[in-house]
Amino acid sequence: MKRVPAVGSRINVTEDGQQVDTAHLGFTTSPHEECAVEEAAQIVERLDGDDHAVVVLTLGPEASTEQLRYSASVGGSEFALVIADGGLDWDPQRTAVAITSAVRELEAAGGQFDLILFGNESADGGNFQVGIRVAHALGRPIVNGIKGIDPHERGFTARRETDAGYEVYELEAPCALGVKEGINLPRYPTMKGRLASRKAQIQVLDCAADADAGGQSRVRLHRPPERASTTVQLGDSAAAAPAVVDLLDELGVL
């Protein structure tokens, strides 16, 4: 999952044009990934949670522990954070390299994951590629755009929505899926869950990619020009009627 600016936030750019100015931003979990955490929790509940766990992994600044603790309040079991170097441009390739390394480290310590869920794309970057790159590096099948998952004895059945209905995929575990927002309705954390999340143990992994791992180079970030709107008073009382008629005629309404 990924820590992203809250939906509707005003995004400002630093003076050098290289970073988003986060001084006055609120942050949340990217919506697709929020649904992925909820879907993982539901799958574990269906499979009897005593034998399965939801491991939530994020790459980001140390402040991302806020989103990990929120995941703990809505069904997460174990938590891992890869600290992202703030001076590095975390393009999809560098991100995928670091996450791949983190998954391998977690699996070496606790066993292979049956299913790895990614958000279909992050709400801020919208690159659509991190999950695919990680799955390819791990040698596991992946399908993106998923709106339904059903576990079975050998793996998972996944459904992807199309204009004509649904495409259905059968994947053997271990595998990966890219989840779209709307696959479920994420639960609200209970008071008990929020209190428990404060005690959640977060493992910090040293899996950051080096500067040569990426294939892109950021040139500059810029905000599009703001659209200014003005209000023109056409007149007072009945005196405005001719001007209103002229305006409607100009707009082609009459």
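A cavity is a set of grid points where a 1.4 Å probe fits but cannot get out. In this predicted model, the largest cavity has a volume of about 60 Å³. The count of cavities of 30 Å³ or more comes to 1.

**The largest cavity**

- Nine names make up the lining: Thr 29, Glu 34, Val 37, Glu 38, Tyr 70, Ser 71, Val 74, Pro 186 and Arg 187.
- Two elements, H1 and H2, each give two or more residues to this lining.
- H1 supplies the largest share, with 3 residues.
- By class, the lining of the largest cavity divides into 4 nonpolar, 2 polar and 3 charged residues.

**Helix H1**

- Helix H1 covers residues 31–46, which makes 16 residues.
- At 1.5 Å a residue, H1 should span 22 Å, and its end C-alpha atoms are 23 Å apart, which agrees.
- Buried means under 20% relative accessible area.
- In H1, 12 of the 16 residues are buried, so the helix is largely enclosed by the rest of the structure.
- Charged names are on the buried list too, among them Glu 33, Glu 38 and Glu 39.
- Other buried residues of H1 include Pro 31, Cys 35, Ala 36, Val 37, Ile 43 and Val 44.
- Just after H1, Asp 48 takes a positive phi of about 75 degrees.

**Helix H2**

- Helix H2 runs over residues 65–73.
- Its buried residues are Gln 67, Leu 68, Ser 71, Ala 72 and Ser 73.
- Of these, Ser 71 also lines the largest cavity.
- Gly 75 follows H2, and its phi is positive, near 125 degrees.

**The second largest pocket**

- This pocket has a volume of about 190 Å³.
- Its lining includes Phe 27, Thr 28 and Thr 29, along with Arg 194, Ser 197 and Arg 198.
- Glu 34, Glu 66, Gln 67, Arg 69 and Tyr 70 line the pocket as well.
- The elements that give two or more residues are strand E4 (27–29), helix H2 (65–73) and helix H5 (191–197).
- H2 gives the most, with 4 residues.
- The lining has 2 nonpolar, 4 polar and 5 charged residues.

**Strands E7 and E11**

- E7 is joined by 5 bridges to strand E11 (residues 175–179), and the two run parallel.
- Within this pairing, Ile 116 stands opposite Ala 176 in E11.

**Salt bridges**

- Side chains of opposite charge can pair when their charged atoms come close.
- The whole structure holds 12 salt bridges.
- In one of them, Lys 2 pairs with Asp 124, and the closest N and O atoms are 3.0 Å apart.
- Lys 2 lies in the segment before strand E1 (3–5), and Asp 124 lies in the loop between E7 and helix H4 (130–138), so the pair ties together parts that are 122 residues apart in sequence.
- Lys 2 counts as partly exposed, at 30% relative accessibility.
- Asp 124 is partly exposed too, with a relative accessible area of 39%.
- Arg 140 forms a salt bridge with Glu 107, with the closest N and O atoms 2.7 Å apart.
- This pair links distant parts of the chain: Arg 140 is in the loop between H4 and strand E8 (142–151), and Glu 107 is in helix H3 (residues 92–110), 33 residues apart.
- Both Arg 140 and Glu 107 are buried.
- Glu 39 forms a salt bridge with Arg 46, with the closest N and O atoms 3.6 Å apart.
- Glu 39 is buried, with a relative accessible area of 4%, whereas Arg 46 counts as partly exposed at 44%.
- Glu 39 and Arg 46 belong to a network of salt bridges that also links Asp 150 and Arg 159.

How values were computed
Residues numbered from 1 in each chain as written. Predicted model: local features only at pLDDT ≥ 70, side-chain atom pairs only at ≥ 80, totals over all residues. Heavy atoms only, no water. Expected span 1.5 Å × (residues − 1). Buried < 20%, exposed > 50% of the residue type's maximum accessible area, 1.4 Å probe, protein only. 1 Å grid on protein atoms, 1.4 Å probe; cavity = no way out; pocket = protein on both sides within 12 Å on 5 of 7 lines; lining within 4 Å. Points joined across faces, edges and corners; volume = space filled by probe spheres on them. Pairing = 2+ DSSP bridges. Salt bridge = Lys/Arg side-chain N within 4 Å of Asp/Glu carboxyl O.
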